[in-house]
Amino acid sequence: MNILDTLGKLAAESGFAGFLAAGGWKNLIMIAIACVLLYLGIVKKFEPLLLVGIAFGCLLTNLPGAGMYHLDMWDAYVAGTSYTTAAGEVIEHLSFTDIIHEGGLLDIFYIGVKAGVYPSLIFMGVGAMTDFGPLLAYPKSLLLGAAAQLGVFVAFFGAILLGFTGPEAASIGIIGGADGPTALLLTAMLAPQLLGPIAISAYSYMALIPMIQPPIMKLMTTPAMRQVKMEQRREVSKTEKIIFPIAVSAFVILLLPSTAPLIGCLMFGNLLRECGVTDRLSDTAQNALMNIVTIFLATSVGATMVAERFLSLNTIKIIVLGLVAFAISTAGGLIGGRIMYRTSGGKINPLIGSAGVSAVPMAARVSQDVGRKYNKTNYLLMHAMGPNVAGVIGSAIAAGFLLSVFGG
Amino acid sequence: MGVSETLLHPGVTTGALVAVLGYGVVFFGICLLLIVVTVMGKVMMNSQKKAAAKAETVPAAPEPAPAAPVEKPKAKGTAGELKLYDTDPRDAALIMAITAHKLGKPINELRFRSIKEVKEK
C-alpha cells in the first residue's frame, strides 16, 4: 500500500477538495450566509425557532460531499424526467419511495415539504394557539384581513414585470401574506426551485415587522386617528367559538377547495382548542407537534438553499419584491382601516388595519405599540387581534386562489 | 394537467387581470364569511337572550313535587369563564368552596369572574 497515494486519495475525496472544485467557492459563500443567518437567529433573535433550523440546513447542504440533499434528484422529480443514481441505475419516474432509497437525510425530510405535510401541520398548531374571539366579537375586522392581502397581488404583478413565470410570481407574491406556512406550501407546489429565497425573505420580513410597519403606519394615518380609543366588544360565547371552525372549514373549502389543507388544518387545530374535551390534543398540536414539525420544516427548507440555485439575481429580486409585498400589504390594511374609521364615524382606530397582515401576533403587537405611543391609555391589542387572525384566513384564500390558477 | 402557456408566461395584461381577480376573490370570500359569522353571532346572541329570559322565569314557577325535584338552573358564568391570575386551579376551587360555605349558598348560584393572587410588595 502506498501511503502517499492513500493520503492523496483521501484528500481528493474529502469535502475540503470540493471547495477547490469548479463552483466550490459558491459553497463557501453559502456557508458564510448560513453563519450570518445563525447569528441573526441566535444573537439578534430574529424568528430563532425557524431561522436557526433554516441556517443549519443551509450549512449542511453546502458542505461538499455530505450528500444530504440532492438538488438534481428533486429537479428530476418535479420535471418528471429520468434520474441516474450514484450506482449508475436510471430511474425513469422518481417516486417518494425512490427518493427515500436514493436520497440523503434532508431529501427525506424534504418529502414532508413537497407533499405539503409540514405547512399544514404548522397551521394546525397555529389554529390551536389562536383565539378567534376578537374576530367573532367584531366580524367586520375580517375586511381588514382581506384588505391587507393587497401586497400579495401587487408583488405578483411586479414579479411578472420582472420576468418571472406565473407560478413563480404567485409564490413570490404570497410573501406579502406574511404567513410562513402558506408561503412554503404554495412555493413547494408551484415553484420549488425558489423555496430557499422565498422562505428566507418571508421569515426575515416577518421578524422585521416592528421595523417595517411603524413608518408606514405613521405615513398613512394622522395623529388624531392614532389616538382613537376603541370600545370594548361583546363577550363571545363558548358555543360560538366551537361552531366557528366548523362553519369556516365547510364554507371556505366549499368556496375554494384548494384551501382545504391550510384552512382544514387551521380550523381543526382551533376546534381542538375550543371544544373543551380535547385539551391533550390541543396541547400536543400547540407544543410537541409544532416543535417537531418546525425542526423538520426548517432544516429541509434550509437544505434547498443550494449555492448554484440561491446565488443568483433572482434571489435579490425576490428579497426586494418580498419587502415591497410586506409594505404594500401593510398599506392595504391601513387603507381599509381608514375607510372603516370614516364609515364608523371615527370609532375605529385605523392602526388596527396594519395587523391584517397575518404575522400573528407580531403585527397586532405593533398596532398596540404605535397606538400607545400616541395615547397612553389606548389598548388596541385585542382589537388588532381580529384583523390579525382574519389575515391568516385572507392569506389562505389568496394562496388557494393562486394555487387553483397556477396549480394546473 | 399542466398550466397553459398564457398562465405560465403571462403578459402584463394577463398578470394585471389575475392580480385584480385574485384580490377580488379574496374580498368576495371574506365578505361571504363575514355574512356567515355575523348571522351566526346574531343567532347565538338571540338564543343566549332567550335562555337568560327563560332562566329568570324559572324561580317564579310553582314548586315541583318532592318526588321529582326540578334541577335549579345553573348560574351564569359557570362554564369555564373564570379567569385565574397567578392562581393554581386547585387553590381556586378551594377559595370558591370556602366562599360558598361562608355565604351559605350553593356554589352554582355564585358567579366568580376572576381570582387573582395579591402579592405583598
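**Entry 1: packing of H3(A).** I looked up what the buried residues of H3(A) pack against: helix H2 (15–20), helix H4 (48–61) and helix H21 (307–310) of chain A. I note here that the model is predicted.

I then listed the buried residues of H3(A), namely Asn27(A), Met30(A), Ala34(A), Leu37(A) and Gly41(A). They lie on the same side of H3(A) because they cover an arc of only 75 degrees around the axis. On the other side of H3(A), I found Ala32(A) and Val36(A) exposed.

I also checked the length of the helix. H3(A) runs over residues 24–42 and has 19 residues. From its first C-alpha to its last it reaches 27 Å, close to the 27 Å expected at 1.5 Å a residue.

**Entry 2: contact between the chains.** I looked up the contacts of chain B with chain A and recorded 31 residues of chain B against 37 residues of chain A. On the side of chain B that touches chain A, helix H1 (5–8) and helix H2 (12–57) of chain B each supply at least two residues. I assign the largest share of that side, 22 residues, to H2(B). Sorted by class, the side of chain B that touches chain A holds 22 nonpolar and nine polar residues, and no charged residues.

**Entry 3: confidence.** For the whole model I noted an ipTM of 0.85 and a pTM of 0.80. Chain B has an average pLDDT of 79, and 76% of the residues score at least 70.

Terms used:
Residues numbered from 1 in each chain as written. Chains lettered and ligands numbered in written order. Predicted model: local features only at pLDDT ≥ 70, side-chain atom pairs only at ≥ 80, totals over all residues. Contact = placed C-beta atoms within 7 Å. Helix = DSSP H or I, 4+ residues; strand = E, 2+ residues; numbered from the N terminus. Nonpolar A, V, L, I, M, F, W, Y, C, P; charged D, E, K, R; others polar. pLDDT = per-residue confidence, 0-100. Expected span 1.5 Å × (residues − 1). Buried ≥ 20, exposed ≤ 12 C-beta atoms within 10 Å, placed from the backbone. Arc of directions from axis to C-beta.
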